[in-house]
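Could you walk me through this structure, one region at a time?

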Amino acid sequence: MTQKVYKEIYFEICGNCNAKCPFCVTGTGRLPQGGMIRVDFFKKSIDKLIAEKLIDKQSSVFLYNWGEPFLHQDLDKIIEYVNKKEINFALSSNASVYKEFKAKEVKKLQEISFSMSGFSQSSYDRVHGFRFEKIKQNIVKFAENLKKVGYRNRAKIFFHIYQFNLDEIVLAKEFAKTIGADFVPYYAFIADYEKAKNYLLNKLSHNEMRLAAESIVLADMVQKIKMMPPGYRCPQNEILVLDEKADIQTCCFLPKDHPDYYCGNLFDDKLRENLKAKTRKNECKFCLESGLSYCVHNVTIPEFSNRLH
Ligand SMILES: C[S@@+](CC[C@H](N)C(=O)[O-])C[C@H]1O[C@@H](n2cnc3c(N)ncnc32)[C@H](O)[C@@H]1O
Ligand code: SF4
Ligand code: SF4
């Protein structure tokens, strides 16, 4: 059988983050912060992916998973290399660190999104923990810079909808329009696998449950789980996820301390077997049957947000 070419790869170049998002496994500090990939190792990994025909010119490499890519001290060199190899790449950021792009750096930039946890200081205090004005200024600077250097697409604002920021959606939408960005509002979910599982099993601690109940639109999670179509298959089988050590992860979702996280390394002799192991993990049974997989792979853009202006 021929090896499949992955169209989507998540490659964690920087496993740490400076934000405090309470529903992200990195933001809570539940796990030790991850490391930063060395540039020479990143290059070697990209070369290996190409040589093994795991990626091609139609693939997109998302340079993040559970960390903040703009914290990587050599992001310029990483971006230079994917452009040189003519590999499409994507970035998602909390916008706490500004980087000026040059025209040659955005040639292969396919998507850049800025994740926002609201449109006020009080919402930022509850999630990212950053100074909101600074984040707004950075996003404006990014948008201006990207236009100036000829980025071919529009930047995206991923607006995470929480119970406490519903009346900020309209402000964020206006902001996105002003800077010429696409506005993508969707319900935030419990993005830490263990916490989401514990929620479904009624095993969250009192404090965790209270935090979730006061923040996440839980009705959306429950509703979505009910909508899971029969025969649903997890899309992670078609996605390759590598951490900063080029360890192959089962998926974007399972955290590093989970026994089913690891599927070997990109440089192992048994690479093909490692890749097959991705789809055969015990945890997948619960994740699929409970609807969790469906829930995290199908974010809801509420219809009412289209009617706001
Ligand atoms: C974990 S983040 C890492 C990249 C970067 N630090 C950021 O926040 O954009 C990866 C993706 O998850 C999304 N995300 C983070 N927390 C989320 C949540 N609670 N619900 C839904 N999506 C979330 C972000 O918008 C981002 O596109
Ligand atoms: S969601 Fe992004 S910004 Fe927030 S803690 Fe996680 S990695 Fe950092
Ligand atoms: S079913 Fe769940 S645990 Fe398994 S690969 Fe998909 S998202 Fe990951």
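Let's begin with Tyr294, which belongs to helix α11, residues 292–297, in what is a predicted model. Is this tyrosine buried or exposed? Tyr294 has a relative accessible area of 12%, and because buried means under 20%, Tyr294 counts as buried. Once its neighbours within four places in sequence are set aside, the contacts of Tyr294 are Lys224, Met227, Met228, Pro229 and Tyr232. Pro255 lies 39 residues from Tyr294 along the chain, and the C-alpha atoms of the two are 17 Å apart.

Now turn to helix α4, which covers residues 132–148. Its 17 residues, taken at 1.5 Å each, should span 24 Å, and the distance between the end C-alpha atoms is 24 Å, so expectation and model agree. Which residues of α4 are buried? They are Phe132, Ile135, Asn138, Ile139, Phe142, Ala143, Asn145 and Leu146. As you look at that list, keep in mind that an α-helix has 3.6 residues a turn, so residues three or four places apart point the same way. Just after α4 comes Gly150, with a positive phi of about 85°.

Our last stop is ligand 2, which sits in the largest pocket. Around ligand 2 you will find Cys17, Ala19, Cys21, Cys24, Gly27, Trp66, Gly67, Asn94 and His128.

Notes. Residues are numbered from 1 along each chain as its sequence is written. Chains are lettered from A and ligands numbered from 1 in the order in which they are written. This is a predicted model: local features need pLDDT of at least 70, side-chain atom pairs count only at pLDDT 80 or more; totals for chains, interfaces and linings use all residues. Side-chain values use heavy atoms; hydrogens and water are left out. Helices (H or I, at least four residues) and strands (E, at least two) are DSSP runs, numbered from the N terminus. The expected span of a helix is 1.5 Å times one less than its number of residues. Buried means under 20% relative accessible area, exposed over 50%, partly exposed in between (1.4 Å probe, protein chains only). A residue is near a molecule or strand if one of its heavy atoms lies within 4 Å of it. On a 1 Å grid over the protein atoms alone, a cavity is a set of points where a 1.4 Å probe fits but cannot get out, and a pocket is an open set with protein on both sides within 12 Å along at least five of seven lines; lining residues have an atom within 4 Å of a point. A molecule sits in a cavity or pocket if more than half of its atoms lie within 2 Å of its grid points. Contact means heavy atoms within 4.5 Å.
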